[in-house]
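Open the model in your viewer and keep the selection tool handy. Each stop names what to select and what is there.

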Amino acid sequence: MKYFRKISTLMISLLYPLFHFGQERINWVSFEQLDSLLAVAPRETLIFIHTDWCSYCRKMEREIFTKPDLVTVINKSYYAVQLDAESVQEITFDQSIWKAKSAKKRTGQYHALALQLLSGKRIIFPSILRFDKEFRLKNIQQKYLNSKELNDFLE
């Protein structure tokens, strides 16, 4: 009986990926992970800034970021990070600690990191920022992008 639990856990962990065959997803990383990844293996970075109430943001997450060709391109060439602009989470990134102004999530009250990333730009959602290997802003789009527009943005 004691081996049954170990064997069943092993079987589930081995077979689980088969249930998701054909449903490849973007490998989203946190800002904390991004710090480490950029130090070890620099590559371009894609940051998707969104809010919970933004219908175009949700539509991109559901319809665009699930297209197999785009998922492949993003996973192969980019580190992808999502940032809820109204998050109340403390984020450690680039040797700094980024805190929300409030402990309670509120519409229109943006996280300090979102404001820093969008500094000098209008606050529009969704915002997609593309950074080069040295984490310098290369391009920004502040609107819903269909799959062709996102593919062009990534090239």
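**Aromatic pairs**

The count comes to 9 aromatic pairs in this predicted model. Select W53 and F125 to begin. Their rings form an edge-to-face pair, 6.0 Å centre to centre with 85° between the planes. W53 sits in the loop between strand 2 (44-50) and helix 3 (55-64), and F125 in the loop between helix 5 (112-117) and strand 6 (127-131), so the pair ties together parts 72 residues apart in sequence. W53 is partly exposed, at 44% relative accessible area. F125 counts as buried, at 12%.

Next, select F93 and F135. The ring centres are 5.4 Å apart and the planes stand at 65°, so this pair is edge-to-face. F93 belongs to strand 4, F135 to the loop between strand 6 and strand 7 (137-141), and 42 residues separate them. F93 is buried at 5%, whereas F135 is partly exposed at 22%.

**Charges over rings**

Select R43 and Y79. The charged end of R43 sits over the Y79 ring, 4.5 Å from its centre. Then select K59 and Y144: K59 lies over the face of Y144, 5.2 Å from the ring centre.

**A loop serine**

Go to S87, in the loop between strand 3 (78-84) and strand 4 (91-93). Is S87 buried or exposed? S87 has 11% relative accessibility, so it counts as buried; the cut-off is under 20%. A polar atom of the S87 side chain lies 3.0 Å from the backbone nitrogen of Q89. Beyond its neighbours within four places in sequence, S87 is in contact with A100 and H111.

**Zoom out**

Show the whole protein: 6 helices and 7 strands. Of its 155 residues, 35% count as buried.

Notes:
Residues numbered from 1 in each chain as written. Predicted model: local features only at pLDDT ≥ 70, side-chain atom pairs only at ≥ 80, totals over all residues. Heavy atoms only, no water. Helix = DSSP H or I, 4+ residues; strand = E, 2+ residues; numbered from the N terminus. Buried < 20%, exposed > 50% of the residue type's maximum accessible area, 1.4 Å probe, protein only. Polar contact = N/O pair within 3.5 Å; in protein donor to acceptor, adjacent residues only side chain to side chain. Contact = heavy atoms within 4.5 Å. Phe/Tyr/Trp six-rings, centres within 6.5 Å; stacked < 30°, edge-to-face > 60°. Lys NZ or Arg CZ within 6 Å of the ring centre and 35° of its normal.
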